[in-house]
Every structure is written in C-alpha cells, then in structure tokens.
Amino acid sequence: MDSLLDQSSLFLQQLVNGITLGGVYALIAVGYTMVYGVIQLINFAHGEIYMLGAFLAYTMVTFLGLPFFAAFILTILICSCFGIILDVIAYRPLRNAPRLAALITAIGMSIFLQNLALMIWGSQIKSYPREILPSIFYQTAWGLGEVTLSWLQVFILAITVVSMAILHLIIHRTRIGTAMRAVSLDKTTSALMGIKVNRVISFTFAIGSAMGGMAGILVGLYYNAIFPTMGYIAGIKAFAAAVLGGIGSVPGAMLGGGVLGIAEVIGAGYVSSEYRDGISYAVMIAVILFKPSGLIGRQIGEKA
Amino acid sequence: MKKTALCLLIAWFSLTGAAWAGSTIKIPVAAAFTGQLASFGEGIKNAAILKGEEINAAGGINGKKVKIVLEDELCDPKEAATVATKLANDPKVSIVIGHLCSSASLAALPIYRDAKLPAISPASTNVNIGKMSPFYFRNVYKDDFQGLFLARYAKLARGFDKVAVFYEVNDYSMGLMTAFQKEAKKLGIKVLGTEAYTSDTTDFKPQLTKFKMMNPHAIFIPGYAPQGTLIMSQARALGMKNVAFFGADGLDDDLMLKNPDAEGLFVTTPFLPDKAGPHAAGFIAAYKKKYGKEPNWFAANAYDGVGLAAQAIAAVGEDRVKIRDYLASLNSKEKAYKGVAGNTYFDENGDCLKEAFVKEIRNGKWVSAEKQLQ
C-alpha cells in the first residue's frame, strides 16, 4: 500500500484534482482582475454572477428541459448581460465618486443577489439528476492504474484553456481589446482619443461575467452542488487568486488560480484537511509578503 | 409627568402580558427551519405542531390551550444564542423544546442555565451537553452510544475490518468519531485513516483520493446529509465502486434518496416506523394523514418532547424550576415517559438511554436494515 508506485499515483491524482480546481479559480479570477484593471474596482458581486451561472444552467436543464450544451451557451450569454446590467445600475452612477463608495455598492449588490437567489431557489443544495446530463461526463477519459481523469475534468480543462486563449486574442489582437488596454492606462485620455469609455467598461464586465458564469456552470457540474452561498467562498478564493497573480493582470489571474488550486488540494491531501483553506490563504499571504505586486503583477504601467 | 406615563405603560404591558399568559401556554420549539439543515427541522416542526393540536383537541393543559412557537436558528451557534437570549427573557416561556444541532445546543445551553429555563433537545447527541447544565435534558441518545453502536454493528453485522473516517469539523461529528474509534479499537476494526472537512466544503476529492489508496471496506461519515451525499457521489466518480458508506443520524435525511450513488448507505436511527410497536401507531397514522409522509426520528422525538413538556406543566404548573425538578424526577424505567420513540427517563445529567436501529437505502428508499443488532 505504501509502495512508491502508489505514492506517485496518489500525487498524480491530487495534481489532476488540483489543476481542475485551479482552472475554475482562474476563470473566476479573470473577471475580478479585468474589472480591476479597467476601473480599479474590486467587484465583490462577481462571485454572485458565478453562482447565478450555476443556478441558471441548472434551471434550464432540469426545469426547461434544454439540452446541456444549449443551456451552457445561453447561460453564458445571460451572465454577460447580467454583468452589463450590474455595471449600469450599480457602478456607472458612481464612476466619479470615491472608490470606497463603489466598493460598498459592490458588497451591497453581492448581498442582494445572494438573497435573491435564496428567495428564488431556496437554501437547499441543488444537484443535477444524473440521467439528464450527457453520460460521457461520467466516463473515464484516461486511466493509469489508480489515477483517473474523467471526461468532465477534460471538459473543464479544455474550456478553461480555450476561453483563456480567446481572451488573450481579444485583449491583444482586436480594436476593443486595444481600447480596453487604453482605458486601463488612462480613462480621461482614452476618452479624449475618441474611445467610448463606458462601452469599453460594459464590454469588460460582459466578458468577465461570461467567464464567471461559465465557471459557475462547470463547478455546478463537477461537484454537483449548487446553492446560494456558493459564490461567496469561491469569490473570496478567486479574489485571492487574482491578488496572488497580481491584480489587474490577466495572465497573473490564470497563474494565481492554478497555484491556489494546486496548493489547496496538495495541502488538503498531504498536510491537513482540517486546515485546507488556511493553507491556501497562507500561500497567498506568503507571496504577497515577498512580492507585494503578486507573481506577475507590474508596479505601474499597463494593467490588462 | 413623563414618569407617570411610563409607569402606566409598563403597568399596562405587564397586565396584558399576564392576561395572555393566563389564556395560553407558550411552548417554543427552537431548531433549523430554514437553511441547509431545514429538512431536519421540518420533521420537528410538523410533529410539534401535530402534538400541540392533539393536546388542544383533548382540552389543553389544565384547561389552557397550548401555543407552539417556532424559533428558527438555522443550526447556527450564533443564531441559537440570540434565540436563547430572547426566550430566556420572555417571562411567558417556562420550557423550550430544542435545540436541534449539537453546536446550537452548546451555544444556547449556558443562557438557559443562567435563566433557570429548562429545555428538552429532541436531537442533539453530543456527549458533553447533559453534563454542562442541570436545566438541559434530551430525549435522544448520545454520540458515545451511537458511535459505539455503529462500530459494533459494522463489525458484528457487516464484518467490516478496515474502515476510514471522514468527519466534519464540529462538535457532533468529532464526538461521534471519538466514540467510534474507541470501540473500533476494542473490536479489532482497523481505522485506516481520518480526514476532515468543513461545512462549506463542496470538493472532497483530495481526501477521498487518499482514502482510495487505503482500500477500506467502508467509510464512516459522522456528518450531515448535504455533505454526505456529495461525498458519496465524488467517491464513486473517483472509481471507488465497492466501498460501503455508513453514518449516524445526521445522514438520516430524504436528501440522500435523490442520489443514486447513495444506494446501500446505512445509518443509525432512534426511530423506525415499522419497528416502533403499537403505541406509536396512532402518531404514525396521524402524521401521515396530515403531512402525507412517514414521520422520521426527528418528528418522533419532537412529538415526545412536546408531550413530555405538556406532562410536566400539567403536573407542576408554569414554574421554570419546578418543571426542571419534575423532569429530573423521571429517573427510572417505572417513571419513564412512554412516548412513540420508546421510553424516556433521565440520568443525573439529564441524558437518556434509548435503543438504536439501523436503516439503509434500498432501491432508492429508506428501509429497515435486514440485520439489526438487538
């Protein structure tokens, strides 16, 4: 039982679990970091968009009977609309107010959305009935001895990598991406150059919320547990991931998510499962202590 | 001038208060009625209301009507302390039925003790509760008994020799684990490993992956159903097909039935409708008629709890200390309260010893386990 082979397959399995979790954290963290990059606001309601994503997909699949992939696309679209609405209602009126005011509004929106979900869906944990989802999700994609990788994990990792790649292309290869980078450098000057700043900000919210919603769907599937407060813990973790990677930096959010996910799983697996969250936060604190700008954050200069 | 007005107001309030106290007897029931553990509270709520109605239909207590008041504390220790303070300061309250979760009971208990307010918990099984207050009673068995019973059952009825324990970081779960481990050692069950989780966890894969490498016959989950169902699904997803799962009363929840991966799970329970005997038939029929389903053990114990409170008030009136002394005097089999979930009589700590049963999930339904240990 304690042979070297078993030990290494245990480690490999934990690594697979950690990378999957990290991928999800990265998807959420990107939403935090993009919004921060553009308007220097920590959007605390982002975790709730993630929660709404999970609930919307669940409702569409179980109550409206939509096929899973249709619900997936539809939910992402609705979540990006939610992001825009959130910005228009809660943050745009406070654009020139002190940053603290917007921050408090963000916390307020977070509490509001959480309670709204509580009213609509109730507090009980919701789970997808198994027969409703594509059965391939539960089959093993790749197995080596005791190590297994399910198709669901493959799906999560693939979605994460593909959406990150698309995001990178949008930011660096399109006009709107260039505009986003310009706004993150200097809002006023960008406006003087003819960039429609509010539209760029709305777009940022849309993209960030789409990714947050997507993460919600994936987590809902992976752990099969959907509940109104799920956004809170995930939001805090993803925020920690964004800070760990360097807030405002998109590659930083990806790296931070990965590091945090792996640290959490390895910590729970090898150190103590009782202090699982403590271990992941300790890693974050250690990084911030020695490198206050995060792993690949820049001190000044462009952010997104 | 102002002073006299205030005095009049106070006088008016106390007079009307006395008038209300004169016409009805308020019995508060404190448990989780919303939140994650609301399904536990549901049985308690239903049965308490049912018992209240039955008492009133039979003429009330000494001619006064009973009023069941629900106090929601979400099984959260902070909320439980708030509710307890409110009840302790309400002069119309002479006894409390509650609380549900052990952590909530432990938070409420010192407040009741200081206010000399007796309480009967229908569901808190943590070992330490009884010892901490002469005013806290319970009509459910303790975790040391439950854990011991489970270890014996696992070994003697099921033949498990290698077991892993997956516990939640709270008073209930850890007390249960300790009792189980102690008895397992005596019986020669090898506990391969213990892992923990917290109530907000949804990812159990790192711990389960460790268990998988240990190859246990069974995994003991001394926790609650919302996490239990996830643990079982994630274990199956990791390829642990032949591992059995068992738990205590905390997993005794219909939530488990929605999960096809929970097939075969067995749990201890203080009450089984088909093993309850003739004296419970009336309760089971009335409950089924009113709520359309069989009562679970939470319901049975809450029903007995309200019955016990009513008997105490009928005997000694609405004085807190007298009620406490009356309950404490029910200390032998002969003096026991004969309820639907067995006979309740208290030891010097206010704890009681009752039988345990085992039920399991077969074809997506809770049924009495074929093998019982009596």
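User: In this predicted model, where is the place of His99(B)?

Analyst: His99(B) is joined to Gly98(B) by a cis peptide bond, with omega about 0°. Most peptide bonds are trans. As to its place, His99(B) is in the chain B loop between β3 (96-98) and α4 (102-114).

User: Is Cys75(B) buried or exposed?

Analyst: Cys75(B) is not a glycine, yet its phi is positive, about 65°. The residue lies in the loop of chain B that runs between β2 (65-72) and α3 (77-88). A residue is buried if 20 or more other C-beta atoms lie within 10 Å of its own. Because Cys75(B) has 28 C-beta neighbours inside 10 Å, it counts as buried.

User: Which element supplies the largest share of the side of chain A that touches chain B?

Analyst: The contact takes 25 residues from chain A and 28 residues from chain B. On the chain A side, α1 (4-39), β2 (147-150) and α10 (250-271) each supply at least two residues. The largest share, 6 residues, comes from α1(A).

User: How many charged residues does the side of chain A that touches chain B have?

Analyst: The contact takes 25 residues from chain A. By class, this side has 10 nonpolar and 11 polar residues, and the number of charged residues is 4.

Technical notes
Residues are numbered from 1 along each chain as its sequence is written. Chains are lettered from A and ligands numbered from 1 in the order in which they are written. This is a predicted model: local features need pLDDT of at least 70, side-chain atom pairs count only at pLDDT 80 or more; totals for chains, interfaces and linings use all residues. Helices (H or I, at least four residues) and strands (E, at least two) are DSSP runs, numbered from the N terminus. A residue is buried if 20 or more other C-beta atoms lie within 10 Å of its own, exposed if 12 or fewer, and partly exposed in between; C-beta atoms are placed from the backbone. Two residues are in contact if their C-beta atoms, placed from the backbone, lie within 7 Å. Ala, Val, Leu, Ile, Met, Phe, Trp, Tyr, Cys and Pro count as nonpolar, Asp, Glu, Lys and Arg as charged, and the others, Gly among them, as polar.
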